[in-house]
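Trainee: I'd like a close look at the side-chain contacts in this one. Please take me through them slowly, starting with a charge and a ring.

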Amino acid sequence: MIPDYFKNRKSIRKFLPKEVDSSLLHDILETAMRAPTTGNMQLYSVIVTRSEEMKSRLAPLHFSQPASVSAPVLITVCADLYRFTQWCRACNADVGFDNFLSFTSAFADAIIYTQQLVTIAEMQGLGTCYLGTVLYNAGKISELLDLPELTVPIATIALGWPDEDGVETERLPLDGVVFDELYPKLDENLVKELFRVKDEYPANQKFVEENSKDNLAQVFAEIRYPKDMNENISRQLLEFLEKQNIKLK
């Protein structure tokens with residue numbers, strides 16, 4: 001039977017001013033390393049930020065969103081091709097991990113580890129929140145954390161003891177995400193029906209009203225993630241990857 005935790009989990013954005021015990025945090029970080037990795041290469045690294053000084057410098061790079069400010073711990077998970085490359089060089093191996101394919105492997109490793117960490121932490125009673133701003137400021141975060149070449153911040157988790165219950169968010173219906181055998185044709189009527197659960201969610205209806213838009217899709221595409229912003233951040237990210245000596249061509 002699937003534990004209720006998975007059906008009831010919520011992100012936490014407000015934390016108690018209470019430290020997370022170092023031994024508990026160590027156990028969570030270590031246990032999460034049992035997550036699967038590409039070719040068992042473990043192409044990720046983790047930077048734990050606990051000092052008030054470093055948190056105060058890191059939070060603005062996450063636009064000082066509430067979770068980044070109130071959490072006692074910020075955990076930045078990086079796609080890391082540097083450590084593996086250094087090992088190969090030390091062993092006189094002909095190394096070639098500075099390419100896009102290797103980056104996607106490291107990206108996947110980092111995300112898988114991050115979610116494993118989140119699940120373990122929450123099952124210990126802690127609260128977590130993904131900060132969806134990491135790649136927006138990847139270069140500045142990398143500089144602050146002194147990341148070496150071939151290393152890219154991928155995910156940051158705010159972690160601590162919850163000071164709220166969190167808000168349950170809507171999800172698409174299962175048949176809008178899981179398909180048997182082949183991907184179906186999504187005509188206009190079908191796709192609108194699939195997204196009806198989001199359109200009718202009270203918080204989303206409030207977003208539409210506050211932004212003077214006709215519907216939720218317009219809020220996402222024109223307000224929250226407009227084309228110009230997406231393209232600008234994409235350019236910055238590609239330039240940063242090249243600076244980190246990851247070849248994209």
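Mentor: Start at Lys 18, which lies over the face of Trp 161, 4.9 Å from the ring centre. To count, NZ of Lys or CZ of Arg must be within 6 Å of the ring centre and within 35 degrees of the ring normal. You're looking at a predicted model, where local features need pLDDT of at least 70 and side-chain atom pairs pLDDT 80 or more, while totals for chains, interfaces and linings use all residues. Residues are numbered from 1 along each chain as its sequence is written, and side-chain values use heavy atoms, leaving out hydrogens and water. Arg 224 does something like this too: its charged end sits over the ring of Phe 207, 6.0 Å from the centre.

Now for rings meeting rings. There are 8 aromatic pairs, counting Phe, Tyr and Trp (its six-membered ring) with centres within 6.5 Å; planes under 30 degrees apart are stacked, over 60 edge-to-face, the rest tilted. Take Tyr 5 and Phe 6: their centres are 4.8 Å apart and their planes sit at 70 degrees, so they meet edge-to-face. Tyr 5 is buried at 19% relative accessibility, whereas Phe 6, at 45%, is partly exposed (buried is under 20% relative accessible area, exposed over 50%, partly exposed in between, with a 1.4 Å probe and protein chains only).

Phe 63 and Tyr 136 are edge-to-face as well, because their planes are at 75 degrees, with centres 6.2 Å apart. This pair joins distant parts of the chain, 73 residues apart: Phe 63 is in the loop between α3 and α4, and Tyr 136 in the loop between β3 and α7. (Helices, H or I with at least four residues, and strands, E with at least two, are DSSP runs numbered from the N terminus.) Tyr 136 is partly exposed, with 24% relative accessible area. Over at Phe 84, Trp 87 and Phe 97, ring pairs build a cluster.

Next, head inside. The largest nonpolar core holds 33 residues, and Ile 75, Phe 103, Leu 117 and Leu 159 have the most contacts within it; a core joins buried Ala, Val, Leu, Ile, Met, Phe, Trp, Tyr and Cys through side-chain atoms within 4.5 Å. Among the elements giving at least two residues each are β2, α5 and β4, but α6 gives the largest share, 8 residues.

The whole structure has 12 of them, each a side-chain nitrogen of Lys or Arg within 4 Å of a carboxyl oxygen of Asp or Glu. In one, Glu 122 meets Arg 9, with the closest N and O atoms 2.7 Å apart. Glu 122 is in α6 and Arg 9 in the loop between α1 and α2, so this bridge ties together parts 113 residues apart in sequence. Glu 122 is buried at 10%, while Arg 9 is partly exposed at 30%.

Other bridges stay inside one helix. Lys 227 bridges to Glu 231, with 3.9 Å between the closest N and O atoms; the two are 4 residues apart in α12, so about one helical turn separates them. Lys 227 is exposed at 59% and Glu 231 partly exposed at 37%. Glu 210 and Lys 206 also form a bridge, at 3.9 Å from N to O, and they too are 4 residues apart, in α10, about one helical turn. Last stop: salt bridges link Glu 193, Arg 196 and Glu 200 in a network.
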